[in-house]
2 protein chains.
Amino acid sequence: MAKSKSLPAPLKHLLVKGNEQLHPGISVDCVIFGFHDNALKILLLNLESVKKWSLPGGFVLNNEDINDAAYRVLNLRTGLDNIFLQQFHVFGNPNRSDAKVHHLKFQEYGVKIPKNNWLIQRFITVGYYALIDFTAATIKADSYDSKFAWIDIEKVENLMMDHDYIIEKALQTLRTQLAYLPIGKNLLPKKFTMPELQKLYEAILNKKLDRRNFQRKMLGFEILNKLNETRKGGAHKAPFLYTFNDKKYQKALKEGLYGSW
Amino acid sequence: MAKSKSLPAPLKHLLVKGNEQLHPGISVDCVIFGFHDNALKILLLNLESVKKWSLPGGFVLNNEDINDAAYRVLNLRTGLDNIFLQQFHVFGNPNRSDAKVHHLKFQEYGVKIPKNNWLIQRFITVGYYALIDFTAATIKADSYDSKFAWIDIEKVENLMMDHDYIIEKALQTLRTQLAYLPIGKNLLPKKFTMPELQKLYEAILNKKLDRRNFQRKMLGFEILNKLNETRKGGAHKAPFLYTFNDKKYQKALKEGLYGSW
DNA sequence: ATTCATTGCGTTACACCGACACAATCTAAA
DNA sequence: TTTAGATTGTGTCGGTGTAACGCAATGAAT
């Protein structure tokens, strides 16, 4: 009924050039966490053709490191650079791919995907998670998806394919790593207050923390610089501002916060 | 000069059927840790054709979960079942594959790999690590490699392709996970003594631990059953034997040993 | 019987953690 | 201008776990 729009070049490219320019059967998916209004959110894209939300993902170029591919996806969507981005799991269930997603998408343009096309194969995907400053990102949708949204971690559900599970795994990883990696640098603006940092931790852990013990523990890691400024404007006592001490932060990223044993 | 032996069926199969039966461009590699003579060892295979040692690895069947593929490799090599096996990293550098390995191998049989054959492509590999009971395994080599060896972790070097790096990453992961996962069940015989368990931890961490504190900490995890038997035969006081409490062990595997936060 | 390394169990000092107290501060309302 | 109310900065205290070390018991070798 609806008049077919003409097929966008990037989509055509996938069908025609995918086979020779992209690594077969493997993709990357990015769980991009952002923090806003004291809530942890995830960047999702809407595939109108299947009426579902999905994670931003992409394919791996023939001569591209898979980590670079994930970074390219992240950068393309958010415009951000120098972001904490980490592999966390490989999803290799043979039934996870759903060709219907692609069929429906191309149907919008009245295009039928040829049998045995590169796109209609089983894909194994590598999950990455990233932490970004909500306020610094400028999100771009692309030809496959026209809408995006930051969706509260509590309200994520009914995503495309196995993306719910991917997010669950990402969140698990993030929570575990919170215990031994310094998290927060990318999720918060450069200057932030201790209560803001605490809210972030509480959102990730989904758990209230004691204000005073949190501060003591955080300062104990020695990765923060206390500034001689306060954040005025709130209706209460003005809290001090902090920044991350880049050098010590990087060191902690490599060596972990404790060491234990 | 040397008379060409005839090409073994599994190798021929790779060339001829790989394209239709195996997932393209993805492999799995297993870092199999064993414990013997108070040292941590890794199972390596020798590729005579390239005169280098390599990790046991394999490909993923078209309809096979990638985790099952890794498990299949582990089981094929060791004959063991019900083993702790975990993904730890994806190695996706575009230059990591080295077609020369395959060319040399097939040259042994006077066979030239056709251009653009399935085998001669870039492979992205998923690293898995496993912990096994050295004494329970019966190692099998296969048609690609004729020799195997347990090589001391300290002496691993100059492996094929990026396998040194893969092992380094595996060891890093193992050390990190030691702090929050119960390790040891698969590396030791069913019954073991506290000093034996300690030696294992010391081998993994490459660090001496205090005997008395180690015991207290271990018992504190409440994943061990103390038996009413001792290990006689040593030239000294007979230490008590322990087993892992399976139920609590599994629970700790899921939830971690601490929880922190 | 004696020797001696090893094991089982215990002690002490110290750091860290959770729970809570109290004073200082900032804005908004009175 | 003063007061109220919520929030922040700093400190205390008891419990817990850890590192470092002591000492008696054990068991094979001498």
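B:Phe244 is buried, at a relative accessible area of 10%, where buried means under 20%, exposed over 50% and partly exposed in between (1.4 Å probe, protein chains only). B:Phe192 is buried too, with a value of 0%. This is a predicted model, so local features need pLDDT of at least 70 and side-chain atom pairs count only at pLDDT 80 or more, while totals for chains, interfaces and linings use all residues. Side-chain values use heavy atoms, with hydrogens and water left out, residues are numbered from 1 along each chain as its sequence is written, and chains are lettered from A and ligands numbered from 1 in the order in which they are written.

Now for the rings. Over all chains, the search finds 24 aromatic pairs; rings of Phe, Tyr and Trp (its six-membered ring) pair if their centres lie within 6.5 Å, with planes under 30 degrees apart called stacked, over 60 edge-to-face and the rest tilted. One of them joins A:Phe59 and A:Trp118, edge-to-face at 5.0 Å centre to centre with 75° between the planes. A:Phe59 is in strand 4 (residues 57-61) of chain A and A:Trp118 in the loop between helix 3 (99-107) and strand 6 (124-132), so this pair ties together parts 59 residues apart in sequence. Helices (H or I, at least four residues) and strands (E, at least two) are DSSP runs numbered from the N terminus. A:Phe59 is buried at 18%, and so is A:Trp118 at 6%.

B:Phe192 and B:Phe244 make a tilted pair, 5.0 Å centre to centre and 40° between the planes. Here strand 8 (residues 192-193) and strand 10 (residues 240-244) of chain B hold the two partners, so the pair links parts 52 residues apart in sequence.

On to the DNA. The polar contacts below are pairs of N or O atoms within 3.5 Å.

| Protein atom | Atom of DNA strand D | Distance |
|---|---|---|
| A:Lys237, polar side-chain atom | base oxygen | 3.4 Å |
| A:Phe240, backbone N or O | phosphate oxygen | 3.0 Å |
| B:His236, backbone N or O | sugar or linking oxygen | 3.4 Å |

Notes:
Polar contact = N/O pair within 3.5 Å; in protein donor to acceptor, adjacent residues only side chain to side chain.
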